[in-house]
Amino acid sequence: MIALTINGQAHNLDVEPDTPLLWAIRENAGLTGTKYGCGVAQCGSCTVHIDGVAVRSCSMPVSAAAGKRITTIEGIAENGVLTKVQQAWLANEVPQCGYCQTGMIMAVTALLKDKPKPTDAEINDAITNICRCGTFQQVRAAIHAAANA
Ligand code: FES
Ligand code: FES
């Protein structure tokens, strides 16, 4: 058993220590907003926060997240109020199929915490998530909108 704290809730999960955190979140904790894309830390669809830092959960063993504060897409809105990033996503109609978008939002949320007004170069450096629908221009617009909200 591994004890995890996800979105402020304690979970005791029956998983092997080397299970990827992504599978513990999705299959054991039942939080399916975090998506599997590549499984090798390239696409970013599995991004969650560990102690506020964006992490690709497909490539982190669940044992490494024990005792840390894990936040998933289900946990960023407070009291049902969407964050300014989520609101900017809706206002800019960013999602197409939507598959990559939760990872995008988690990565962008972490970026704006570190850099409240990121330049395009800083966005390029930090947001390396892949979107097969090609929403990159809308993502950039929504990041600037959230930064200026
Ligand atoms: S599924 Fe984790 S980076 Fe692609
Ligand atoms: S919105 Fe479809 S993969 Fe990004």
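Which residue of β2 does I6 stand opposite? The answer is Q9. Before going on: this is a predicted model, where local features need pLDDT of at least 70 and side-chain atom pairs count only at pLDDT 80 or more, while totals for chains, interfaces and linings use all residues. Residues are numbered from 1 along each chain as its sequence is written, chains are lettered from A and ligands numbered from 1 in the order in which they are written, and side-chain values use heavy atoms, with hydrogens and water left out.

Strand β1, residues 2-6, runs antiparallel to β2, and five bridges join them. Two strands pair if DSSP finds at least two bridges between them; strands are DSSP runs of E with at least two residues, helices are runs of H or I with at least four, and both are numbered from the N terminus.

Now the helix α1, residues 21-28. It packs on the sheet and touches β1, β2, β3 (47-50) and β5 (69-71), contact meaning heavy atoms within 4.5 Å. The direction of α1 makes about 100° with that of β3. Angles run from 0 to 180 degrees between N-to-C directions, and axes are lines fitted to C-alpha atoms, for helices over the stretch in contact.

Helix α3, residues 101-114, also packs on the sheet. It touches β3, β4 and β5, and its direction makes about 35° with that of β3.

The whole sheet is open, with five strands in the order β2-β1-β5-β3-β4 and mixed pairing. Its edge strands, β2 (9-13) and β4 (53-56), each pair on one side only.
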